[in-house]
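Let's take a friendly walk through a protein model, one piece at a time. Keep the picture open beside you as you read.

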Amino acid sequence: MFRRSEQDRRPQVQIFVDGVAVAARQGDTVSAALLASGRDARRSTAVSGAPRLPYCMMGVCFDCLVTIDGVGNRQGCLVPVAEGMQVEIQKGRREIGR
Amino acid sequence: MSVAPKREDYDVVVIGAGPAGLAATATSAEAGLTTLLLDENIGPGGQVFRAISSTPVTDRNQLGADYWVGADLVQALRASNAEVIHRATVWSLDRNLDIAVSTGGASAFVKAKRVILATGALERPFPIPGWTLPGVMTAGAAQTMLKSSGLVPDGRTVIAGQGPLLWLLAAQILRLGGRIDRILDTTERRNYFAALPHAFAFLTSPYFTKGLVMMREVKAKVQVVSGVTELSASGEGQLASVSYVAGGKRETIPADLLLLHQGVVPNVNLAMAAGIEHRWDDLQLCWSPVLDAGGNSSVAGIAVAGDGAGIGGANAAVVRGRIAARAAVEALAPAAAAKLATMAALRSDLAKAERGRPFLDTLFRPASQFRIPSDDTIVCRCEEVTAKDVLDSVAIGATGPNQLKAYRRTGMGPCQGRLCGLTVTELMAQARGKTPQEIGYYRLRAPVKPITLAELAAVPKTEDDVKAVVRG
C-alpha cells in the first residue's frame with residue numbers, strides 16, 4: 001500500500017510485531033511502521049470483529065489501536081517506535097489488566 | 001522520553017503546537033510571561049507543518065515553500081524561553097483554568113492565568129459505503145505519512161473528494177514518485193456559480209495562482225474525473241474496488257488505497273468540554289466557538305486560536321495565535337505589550353490572510369449526499385452504528401445526539417464523537433426537520449482522550465478527596 005522514499009536516510013530501528021522482527025525507521029510512529037512493513041496489520045473491532053487499519057493517522061479516529069509493550073488500546077499513530085518495542089495487533093476486545 | 005511540567009502555575013498555557021500554538025507561545029514568552037506549550041505529537045508543527053524538524057523529505061521543492069514556513073515558527077519558539085512538552089495529552093480543562101495532562105503514562109496538573117487553545121482541525125467525516133474498510137484512509141493520513149516518514153502510495157491509488165488539501169497532497173505524492181491512478185472530484189457544479197460573487201477577492205489572493213499551478217501539475221499526470229455525485233468503496237475485509245457515478249454514468253475501478261477528503265473542521269472536543277459556547281456555522285457546516293476580536297471565548301481566560309476558531313488556514317492561524325497571545329499579554333503584563341506588534345497591525349495581517357476564504361468555503365462546500373449518509377452506511381465507526389440505526393432511533397423518540405447515546409451508543413466509543421458528531425447532528429436535523437443549531441451536539445466531558453484507570457488512580461489525593469468518596 002505504501003513504500004519508502006529513497007531519500008529517507010533515517011537510521012533503522014527494530015521492533016517486534018506479534019513476535020516477528022520488523023524494520024522501522026527512527027521517527028516512524030508505530031502505525032506508520034506497520035503500514036510500511038507490508039505485513040497484514042489489520043486489527044479487529046471490539047464490537048463486531050470487523051477488520052480495520054488506521055484511518056486518520058493524527059490521533060482522532062482510534063482505528064490504529066494496538067497493544068504496545070503490554071499496554072492495550074494505545075494509539076499507534078501517536079507513539080514513536082523504539083528499539084525492541086513489542087507490538088501486538090489487537091483482535092477483538094481487550095482483556096482486563098492490559 | 002516525556003517529561004512533566006516544571007511548575008504548577010503558568011501565566012499562559014498554550015495547547016497544540018501547530019501554526020497558531022507555535023506563534024502564540026513565542027509571542028507570549030517573548031513578552032516575559034511564563035509560558036507552557038503542551039502538544040500531543042512527537043514534535044512541533046501540528047498537521048500542516050507536521051514533522052517540520054524531522055522530516056526525511058529533504059528536497060525542499062517536494063513539500064513546497066508553504067511547508068517550510070513552519071521552520072521559522074519553530075525557530076522563534078526555540079529562541080524564546082517557553083517550556084515545551086511534546087507527547088503530552090491534555091485530557092481536562094475547566095472553567096478554573098485547571099489543566100490535567102498525561103505525559104509518559106502519568107498525569108500532572110497545572111493552573112494557568114490564561115489558556116490559549118490551538119487544537120486545530122480534523123478532516124470532516126466522509127461517511128460513504130465502505131469507508132471503514134482497511135485501505136480507506138483520509139488524504140491527511142497519507143500526507144502525515146509522507147511528511148513524517150517519507151511514505152508514498154504504492155498500489156492502485158484513488159483520491160476522492162474536494163478542497164485545496166486534496167490537490168496539494170496529489171502534487172506531493174507525484175513529486176515523491178508515488179502512484180495515483182485516478183482523482184475523483186466531488187465538487188458540485190452549482191458551487192462554481194455560488195462562489196462567483198467571492199471570486200474577485202479570491203483571484204487577488206495568494207491562493208489563486210498557487211492553486212492553479214498545482215492543479216495543472218496534477219492534471220498533467222493523473223486522470224481527473226469531475227462532477228462525481230456518488231461514491232462507494234467495497235471489498236471483503238480489505239478495499240478491492242471504488243465505485244462512482246459521474247455525469248450519470250457508473251464506473252467501478254479496482255483499488256488498493258482510497259484517500260478521502262472533503263475539507264477540515266474545527267477540533268472542538270477540548271473547547272466544548274471546557275464549557276465554551278459554540279455555534280453552528282452554516283457556510284463551513286461545522287461548530288465554531290463564539291469568540292470576540294481578541295479570540296476570547298465565553299469562558300473567562302480561555303482564548304481559541306487557529307483553525308479550532310473556525311477554518312482559516314495556516315497563515316490566518318499564525319496571526320490568530322499572535323492576536324490571542326497579545327490579548328493575554330495586555331491582560332497580564334500591559335507594559336510588555338508595547339514591544340509586540342500592535343493589535344491594529346495584527347488585524348490587518350488577519351484580513352489579508354483570510355482573503356479568498358469565503359470563495360474556498362463556498363466552492364468546496366461538500367454536497368449533502370457526502371455528509372448525510374443513508375441505509376447501511378456506517379455513521380459511528382467506533383460503535384458501528386449505521387444511518388438506518390440512527391433514523392430508526394429518531395422514529396421511536398431520540399431527539400438529539402445526547403439521547404441517541406442511550407439508544408445506540410453513538411459517540412461513546414474511544415473517538416468520543418470526533419468521527420461521527422457532525423454526521424449525527426446533520427442526519428438528525430434532517431430527519432426531524434430542524435436546524436443543526438436546534439439539534440445540538442454531544443455533551444463533551446473530561447477526559448477528552450482516554451486514559452487508563454491505573455493512571456487516574458495514581459493521581460495524588462488529599463485526605464479530603466478520599467473522605468469525599470469513602471464511606472464511614
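## Hairpins in chain B

Strands S5(B) and S6(B) form a hairpin with two residues between them, and Gly104(B) in that turn has a positive phi of about 55°. Strands here are DSSP runs labelled E of at least two residues, helices are runs labelled H or I of at least four residues, and both are numbered from the N terminus. S5(B) and S6(B), the latter covering residues 106-117, run antiparallel and are joined by six bridges. Two strands count as paired if DSSP finds at least two bridges between them. Ser102(B) has Ser107(B) in S6(B) as its bridge partner.

S5(B) also belongs to a hairpin with S4(B), this time with four residues between the strands. In that turn, Leu97(B) has a positive phi of about 60°. S4(B) (residues 88-93) and S5(B) (residues 98-103) pair in the antiparallel sense over five bridges, and Leu93(B) stands opposite Ile99(B) in S5(B).

## How to read the model

This is a predicted model, in which local features need pLDDT of at least 70 and side-chain atom pairs count only at pLDDT 80 or more, while totals for chains, interfaces and linings use all residues. Residues are numbered from 1 along each chain as its sequence is written, and chains are lettered from A and ligands numbered from 1 in the order in which they are written.

## A parallel sheet in chain B

Now look for an open sheet of five strands in chain B, with the order S8-S16-S10-S11-S12 and parallel pairing. Its edge strands are S8 (136-138) and S12 (223-225), each of which pairs on one side only. From one strand to the next, the twist averages 20°. S11(B) (residues 182-185) runs parallel to S12(B), with three bridges joining them; Ile183(B) has Val224(B) as its bridge partner in S12(B).

Helix H5(B) (residues 164-175) lies across S10 (157-162), S11 and S16 (257-262) of chain B, running at about 155° to S10(B). Such angles run from 0 to 180 degrees between N-to-C directions, and axes are lines fitted to C-alpha atoms, for helices over the stretch in contact.

## Helices packing on helices

H5(B) also packs with H4(B) (residues 139-149), at an angle of about 40° and with their axes 10 Å apart. The crossing is left-handed (the near helix is turned anticlockwise from the far one by less than a right angle; clockwise would be right-handed). H4(B) contributes Ala139(B), Gly140(B), Ala142(B), Gln143(B) and Leu146(B) to the contact, and H5(B) contributes Leu165(B), Leu166(B), Leu169(B), Gln172(B) and Ile173(B). Two residues are in contact if their C-beta atoms, placed from the backbone, lie within 7 Å. Seven of these contact residues are nonpolar, three are polar and none is charged (Ala, Val, Leu, Ile, Met, Phe, Trp, Tyr, Cys and Pro count as nonpolar, Asp, Glu, Lys and Arg as charged, and the others, Gly among them, as polar).

Further along, H13(B) (residues 387-395) and H15(B) (residues 421-432) pack at about 45°, with axes 10 Å apart. That angle makes H13(B) oblique to H15(B) (under 35 degrees is roughly parallel, over 145 roughly antiparallel, 65 to 115 roughly perpendicular, and the rest oblique). Their crossing is right-handed. The contact brings together Ala387(B), Val390(B), Leu391(B) and Val394(B) of H13(B) with Val424(B), Leu427(B), Met428(B), Ala431(B) and Arg432(B) of H15(B). Eight of these residues are nonpolar, none is polar and one is charged.

## A mixed sheet in chain A

Chain A has an open sheet of five strands in the order S3-S2-S8-S6-S7, with mixed pairing. S3 (20-25) and S7 (71-75) stand at the edges with a single partner strand each, so one side of each has no neighbour in the sheet. The twist averages 40° from one strand to the next. Three bridges join the antiparallel strands S6(A) (residues 65-68) and S8(A) (residues 86-89), and Ile68(A) has Val87(A) in S8(A) as its bridge partner. H1(A) packs on this sheet, touching S2 (12-17), S3, S6 and S8, and its direction makes about 110° with that of S3(A).

## Where the chains meet

How many residues of chain A are in contact with chain B? There are 35, and they touch 39 residues of chain B. On the chain A side, the elements giving two or more residues are S1 (2-4), H1 (30-37) and S5 (51-52). That side divides into 19 nonpolar, six polar and 10 charged residues. S1(A) runs antiparallel to S9(B) (residues 151-153), joined by three bridges, and Phe2(A) stands opposite Pro153(B).
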